[in-house]
Amino acid sequence: MRVLVVEDDRVLADAVARGLRQSALAVDVAYDGDQARERVGVTRYDVVVLDRDLPEVSGDEVCREIVDRWSGDVRVLMMTGAADVRSRVTGLNLGADDYLPKPFAFPELVARVQALLRRSAPALAPVLHGGGVTLDPARFQVRREGREIRLTAKEFAVLRVMLAAGGAVVSAEELLERAWDENADGFTNSMRTVVASLRKKLGPPSVIETLVGVGYRIR
């Protein structure tokens, strides 16, 4: 799942990004409104965590562009130091899906992002199932036929994308887009390595089917 964090306080932005990555999310960061507009112009994010009080190009303007460009396919969590009712109402009326006043508790931020991910298009179930495998994003837990399986954050992210496809084929390009951030090198074997490791941990019989030249699916 792909998330964009937009925050001009670099320390806070990087801390939020690190924390979300620990929750098996692919996270890009923009430190101002111009960078944010550039990124949302070329990448469809599942959730944008957006500071409203950005210099130059405001968070309000970025929010409008997201709503206009992606027509509700991208969820926006707006953050701001203003916690009064009028500010929250204004932010929501711009098209934001949720509103989080600063300062905030990080577990609440993660929970709100996960809730918005479940409302992404198409909407995801709170717990994903497929091939006898159950994945619970809120608990960072994977089970196969009752057996708990410990995965790395990247393995968890890849499995989540595959299960979210509901049995449809997921191409290598889509896996890179949804489970890796913008710093991923599409010419490395990292994706194949992760899929191989995931297949081994899930155990026999394999639930991940490889369609050569096409992609992967859960069967």
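Which exposed residues sit on the face of α2 turned away from its buried side? Let's keep that in mind for a moment, and start with the model itself.

What we have here is a predicted model. The protein chain has a mean pLDDT of 86, with 90% of its residues at 70 or more. Among the elements, strand β3, residues 47-51, has the highest mean pLDDT, 94, while helix α4, residues 85-93, has the lowest, 70. Where pLDDT is low, the predicted coordinates should not be read in detail.

Now, back to α2, which covers residues 33-42. Its buried residues are Gly33, Ala36, Arg39 and Val40. Looking down the helix axis, these buried residues fall within an arc of 125 degrees, so they line one face of α2. Their cover includes β1, β2, β3 and α3. And here is our opening answer: the face turned away carries Glu38 and Val42, both exposed. At the N-terminal end of α2 there is a cap, aspartate 32, with a side-chain oxygen 3.1 Å from the backbone nitrogen of aspartate 34.

Next, the rings. Arginine 10 lies over the face of tyrosine 31, at 3.9 Å from the ring centre.

There is also one aromatic pair in the structure. It is made by phenylalanine 140 and phenylalanine 156: the ring centres are 4.2 Å apart and the planes are at 20 degrees, so this pair counts as stacked. Phenylalanine 140 is in the loop between β7 and β8, and phenylalanine 156 is in helix α6, so the pair links parts of the chain 16 residues apart. Phenylalanine 156 is buried, at 1% relative accessibility, whereas phenylalanine 140 is partly exposed, at 32%.

Notes. Residues numbered from 1 in each chain as written. Predicted model: local features only at pLDDT ≥ 70, side-chain atom pairs only at ≥ 80, totals over all residues. Heavy atoms only, no water. pLDDT = per-residue confidence, 0-100. Helix = DSSP H or I, 4+ residues; strand = E, 2+ residues; numbered from the N terminus. Phe/Tyr/Trp six-rings, centres within 6.5 Å; stacked < 30°, edge-to-face > 60°. Buried < 20%, exposed > 50% of the residue type's maximum accessible area, 1.4 Å probe, protein only. Lys NZ or Arg CZ within 6 Å of the ring centre and 35° of its normal. Arc of directions from axis to C-beta. Contact = heavy atoms within 4.5 Å. Polar contact = N/O pair within 3.5 Å; in protein donor to acceptor, adjacent residues only side chain to side chain.
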